[in-house]
Structures are given as structure tokens and as C-alpha cells.
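Biologist: Please take a close look at one part for me, the place where the two chains meet. I am new to this structure.

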Amino acid sequence: MGKRTRDDFTWSKNTDTSAIHSMIQYTDKAGMSVVDVMGYTAHAFRIIIDREAVEVGSYSAFDWPLHHAEQLQNLGFAVQTAGKPNHIPPTSEELEEALGYIQTSLDKGVPALSWDLFIPEWGVIYGYDDENKVLRCRDVRKDGDLPYEKLGRGEVTEMYVLTITGSYPVDKRSMLKGALKLAVKHAYRQSFESEHASHRNGLAAYDAWIEAFTKRTVDPFGNGVNTGKVWDTREFAAQFLLELSQNWEGSSPQDDRLRTLALEASEQYAAVAERLGEMRDMFPFPHGGEPNSDAQAGRALTLLGEAKAAETSGITLLERMLEILEQPPASEVIE
Amino acid sequence: MQAANNGMQEAYIKLSADNRAKETSISGFRGEPAPDGGGCPEPASEKELVEKARTGDPDAFGELVRRHRAKAFGIARSLTKDHHLAEDVVQDALVRAFLHLGTLIDTARFSPWLAKIIRNEAYMKIRRGGPHGKERPFTCLEGAASPNIGADDWHDIDRVLFRLSRSALESARQAHDPSAALLRKELINGIRSLLHCLSPREKRIFEAYFFEQLPPKDIAILLNTAVANVYNSISRARGKMQQELIRAHISMYVKHRKKMGKPAKKLLAPPLFKPVWKD
């Protein structure tokens, strides 16, 4: 049995959420922790796996504009996006539109979220210079200047930009309710179109993962990358729910129940994180070990089966929390 | 090699007769045996085919087309709900796929990648108003503010060049239609303004292929080079011109901002997000 090794929650392997957390620090909601961003965007509860080979792009196989907008709206932000994942470089018109969004946002003091700046991961654009026609960017690979014309023409040649256009107050209760709705929807409902037929999200993603291991068709690199990313989310899920059980305000019986359920759910997600943590050690980034050897695949199948069971219990607990939040709030609730 | 070649022809021949103009328009991508005489082991794996096609091998691409055309058409048909429009979508998407094959990172994932392109192409066509929607943007060339670069609407150089590379049949039809002929002339003028970014040799090949509509085989003979080199030159020239067009647009954009009195630069405090990558 693996053990939880995570004690630093100031960074995440999930670069869109890391980037979004960075951007929030320039707004009136500055100070929000990575744990809270992971939890209240419901990113901590996401999982997408390709059932053929656990291919490397699984974690990015979703409709970015739609999901990032949903996530940020839940935190109380209005957003605007340009581009989408389509493997097609932007036309000059699309590029111009995106530059306009970025510059307008930077002029207001808030950086932009983008993709594949120096590596196909999400990153942040935090400066521009019209004279030299460059954007100042940072992603996990590099901090530096990117010529305007290179936006959307990186390794995977597709453009994506998201900017925050407004911020409005949201209370914690609404944020939690919204996040739980997103988490539950993600767990049960497939969000892919037919062409993404090999990707599964939520609980079905565990079946997809199990299928790839059973068939011994796991891509070591892709599996290594995705194991690390999903492990990371579940560590945050456990931590978010633990903090919620400790810090949730309110003295009504409903609030008591919410704290208890959050603690129970935290334990389930910690159990998921433990199993995935062991897998992460078995299949380390970047070479990914030998996922198709009988011994490793056998162990992975046991761990994934246990992880799925714990996740199923976890989601049931989240649904019960949601039921409580959907009842009219008790009068003594302060939040 | 012969089998793959036939397969490819068969794939294209499935097109309906009224689409023959377009069918032949991508004939530049087929028909000529590889200069090294081929020797394609068969049946080749998809990954191998993609890798070959990326080097500009039209036969490998043709074989990929043969394998995926039915599925591609199915996707296009389900999105456009129109048989002819779906055929247009597939044709344009295949041209696009051929041109952008170099951007496909994982060669084992050709099928989902092609499906994405098909879908995107279909949405683009539906958005632009169906089969004739795409005619509209080129009229925007008329009266464009800049003499060098046309209006925003012909941003898509692939589409412009695709039109230019249409078959002789199409050209003949255009010759009887003064407005179409004018449009074509404007297009060529627009494109010519971009050619300065090419080397003299690339420019020659480019003009021969797109303006004179010579098949790559003839260009190769004319310039005493291998057909594969002609393909590579066309592909490289296209990439350079796309970049040139983008650069020109960015310059105009920046000038416009300056004129509007917008700030010239802005640098915020570095984000918390840390570069942690170890190469």
C-alpha cells in the first residue's frame, strides 16, 4: 500500500489551474489558495483517460473554452476566450482578436491564460511590447518573450487565449454548490463528442484506464503523465475537503452535517490519492516504467479497482453535500 | 507502390462527377511515383504511412486517404447533412491535412487528428453559409485599404491557394465568367505581393504550381529536380507565405493601435506560477 507523500499544496501539476490561480492574484480575489482554486473550480475532481492507450493528451481532451469558463464563473469571474483545441493554427484575423483580448486585459492589470507558449501545457501571458511585437509569457518550461506571430504556432499549432473580463462577489456556499454540481456532472456524464470516442471522464475514466491495462496497450509515457496529473488532483480533493470540514462556518445542523460529510469524503479522496500515488511511483515521469508487464499491470489493476471504489463512495458523499446545499439555508448561517 | 497508387486513385474516383473539378484539383498530390522508385512495403502500418506522407510522399498520403475517406465522409455528412457539401468538406480537409501533416505530433494518432480537421472544416463551411459561402470573402479584396495585403477575409492562405490550384477545367469555366476571372486576377495579385519572402527557386516553383498550374512532375522536369523536392518547396513556400501574411497583419495591427493612442507596452509583476521543467 502506498502512502501519501504530498505536503506542499502551493503548486499543482495541472497547469491550467496553476495558471488560473496565478491570474486570480491580480484581481480583487487575490489571496485565494491553490487548494481553494482546485476545489471551487472542481478541477480537483476531474479525470479524463483514453481507453486505448492512456495517451498523453488525455488530460487536455476537453472543450477548454467551455470548461474553463464554467470553472471561472463559479469563482465569480466573467471571461472571454479566443481559439480552441483544434490542431489548426490561427488565421491572422483570429490572432489579431486574441492579441486584442490579451492587451485589453493586461492594460487592466490582469494576465491572460494561454496554451502551448513554450510547451503544450497551459501558461500565463503577463506582458506585451508593441515595439518589439512580443508577449512576455511563462509556462512550466520557460519564462520569456514570445513573438506575436508565434502565438498559436508552437509545438501543436493551435491557439487558445482566455482573459478575465469582470469579477463579481460570490459567497462560499454558492461556490461550493457550483463546484459540487460540476464535480458530480463530470463524474457521471460523458462530455466528449464522437471523435473523442476513446476518452472517458469521471467514473468511466477508471474503467477506461482498467481496459487499457487489461489489454496491455498502455503507452508508458502517456500513462506516466496522466497518472501524475490525476494523482495531483485527488491530493488536492482530499486537502480541499479536509480544510472545508475544519473551516466551514455556520452552526446549523445542516452545517454540522456538511462538515462531517466533507471529512468523510476527504478520506475517500485520500484513499484514491494513495492508490494513484503508488501508481505514480511505479510509472514515474518521463519514462513511465513498464505498465504492460504482467506484474506491473496486475498491481495497477488492483490499485485502479480500489481507487474507483473509493472515488465512487467519494462522489456519493459529494452528492449528499449537494443535497444539503440545495435546501434553503438555515437562518443562522453567517456565510 | 502500384497498389497504393491505385487505391488512392480509387479513393478519389469515388467522388461524384459534378465534383470532378475539385477532384482533379488535388491531382498534384497523386500520380507521380516517388523519385527513388518507391518500394513501399505493404500493407504498411498507419504510423509508417503518416511518417512517409510527412516527407511529402503523395502515395503514402493517398493510401491514408483511401483508408480513412469513408469515415471522414461519414463525419462530414453527419455534420453538414448535405452530400455535396460533405464532399467539399472532405476535399478541403484532405488538402489541409496534407499541408499540415508536419504539425501532427503523434503519428499514431492520424485518425482522430483527421477527424478534428474534418469537423473544423465542416463547421467553417456551415458558418460561412454553405457551399457558396466561401465565395464571399474574396470580394473583400476589392477596395482593400492596403495595396499590399487584402482585407481581413482572405486570411486563410490555404484556402486561397487551394482555389488557385484548381484544375484547368475550373479555369476554363472561370474564363467564361468575367467576374470570376477578375476575382482570380485579384487573388493572384494579392499573392504576388507576398512572394518576396521566398527564395528565387521557391518562387519559381510556387508560380509554376499555383499560377501556371503545372503538375509537380512537369515542374520537376523543367527545373531538373526530383518531384519530392518540388513538393517540399511548395510546402515550405506556403509556410513562409503564411508567416509573411501574419507578419504583415501584425504590423498593421500594431500601427493601428499606435494611431488609436493605445499603450505601447505593459509588463505586470511575474506570476506565482513557476517554470519547473527540467529538459
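**The interface of chain A and chain B**

Modeller: Between chain A and chain B there are 17 residue pairs in polar contact, with both residues at pLDDT 80 or more. A polar contact is a pair of N or O atoms within 3.5 Å; within protein, one must be able to donate a hydrogen and the other to accept it, and residues adjacent in sequence count only if both atoms are side-chain atoms. This is a predicted model: local features need pLDDT of at least 70, side-chain atom pairs count only at pLDDT 80 or more, and totals for chains, interfaces and linings use all residues. Residues are numbered from 1 along each chain as its sequence is written, chains are lettered from A and ligands numbered from 1 in the order written, and side-chain values use heavy atoms, without hydrogens and water.

Chain A brings 59 residues to the contact and chain B brings 40 residues. Contact means heavy atoms within 4.5 Å. On the chain A side, H4(A) gives the largest share, nine residues. By class, that side has 20 nonpolar, 18 polar and 21 charged residues. Ala, Val, Leu, Ile, Met, Phe, Trp, Tyr, Cys and Pro count as nonpolar, Asp, Glu, Lys and Arg as charged, and the others, Gly among them, as polar.

Three salt bridges cross the interface. Each is a side-chain nitrogen of Lys or Arg within 4 Å of a carboxyl oxygen of Asp or Glu. One of them joins B:Lys265 to A:Asp129, with the closest N and O atoms 3.8 Å apart.

Terms used: Helices (H or I, at least four residues) and strands (E, at least two) are DSSP runs, numbered from the N terminus.
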